Amino acid sequence: MKFLKTMCGFLFPLLGIASSCDSIGGACEYGVPNADFEIKGKVTDIDDNPVKGIKITGTDIHTTDVLGETGNDGTFEVSFNGFPSRKVKLQFTDDDGIENGGDFGVRTVEVDVVQVVEPSKDDSSWYEGKFSGSVDVKLKSSDSDTEING
């Protein structure tokens with residue numbers, strides 16, 4: 001039995017399976033560190049007109065699901081749970097072509113986030129708290145040669 005515990009303690013980290021078990025047979029915990037994120041912002045074209053209907057996905061948050069979409073005024077708010085980080089990459093994609101005022105290219109933006117809620121001191125889980133950030137994104141038309149600096 002001791003051999004099996006030793007082997008599991010060696011193999012699980014190599015396979016990416018994390019655990020936290022006390023040595024006297026108490027509860028075991030399996031998982032990975034995670035945190036809640038909330039990011040708000042606005043998407044505009046190069047002339048500062050709001051762009052509606054832009055799909056927002058995360059590029060490094062363990063999901064390929066669409067997190068949200070910009071509203072009629074170009075604003076968005078997305079929330080998700082992911083690996084704790086001080087930076088999050090979001091991808092902005094125009095799926096409807098010219099229906100929203102232009103045929104915009106795909107843009108990936110790195111968003112700085114700050115911790116706004118810390119986990120409780122007695123919390124023994126892998127939860128790392130809540131992070132928040134904001135970003136304003138400019139999109140250019142696919143046929144535009146204008147450089148974007150923001």
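Phe76 and Phe92 are both buried, where buried means under 20% relative accessible area, exposed means over 50% and partly exposed lies in between, with a 1.4 Å probe and protein chains only. The model behind these values is predicted, so to speak of local features takes a pLDDT of at least 70, side-chain atom pairs count only at pLDDT 80 or more, and totals for chains, interfaces and linings use all residues. Residues are numbered from 1 along each chain as its sequence is written, and side-chain values use heavy atoms, with hydrogens and water left out.

Now for the rings themselves. A pair of aromatic rings is described by the distance of the centres and the angle of the planes. Here, rings of Phe, Tyr and Trp (its six-membered ring) pair if their centres lie within 6.5 Å; planes under 30 degrees apart count as stacked, over 60 as edge-to-face and the rest as tilted. A search of the whole structure turns up three aromatic pairs. In one of them, the ring centres of Phe37 and Phe80 are 5.2 Å apart and the planes meet at 15 degrees, so this pair is stacked. Phe37 sits in strand β3 and Phe80 in strand β6, 43 residues apart, and the pair thus links distant parts of the chain. Both Phe37 and Phe80 are buried. For Phe76 and Phe92, the centres are 5.5 Å apart and the planes stand at 65 degrees, which makes the pair edge-to-face. This pair also links distant parts of the chain, with Phe76 in strand β6 and Phe92 in strand β7, 16 residues apart.

Helices (H or I, at least four residues) and strands (E, at least two) are DSSP runs, numbered from the N terminus, and two strands pair if DSSP finds at least two bridges between them. Strands of a sheet pair through backbone hydrogen bonds, either parallel or antiparallel. Strand β3 (residues 34-45) runs parallel to strand β10 (residues 127-139), and 11 bridges join the two; Thr44 stands opposite Lys138 of β10. With strand β6 (residues 75-82), β3 pairs in the antiparallel sense over eight bridges, and there Ala35 has Gly82 as its bridge partner.

Another set of strands makes an open sheet of four, in the order β5-β4-β7-β8, with antiparallel pairing. Its edge strands are β5 (66-69) and β8, each of which pairs on one side only. From one strand to the next, the twist averages 30 degrees (axes are lines fitted to C-alpha atoms, for helices over the stretch in contact, and angles run from 0 to 180 degrees between N-to-C directions). Five bridges hold the antiparallel pair of β4 (residues 54-58) and β7 (residues 87-94), with Ile56 opposite Phe92. Between β7 and β8 (residues 107-112) there are six bridges, again in the antiparallel sense; Lys87 is partnered by Asp112, and Gln91 stands opposite Thr108.

Val114 lies in strand β9 (residues 114-117), and at 52% relative accessibility Val114 counts as exposed.
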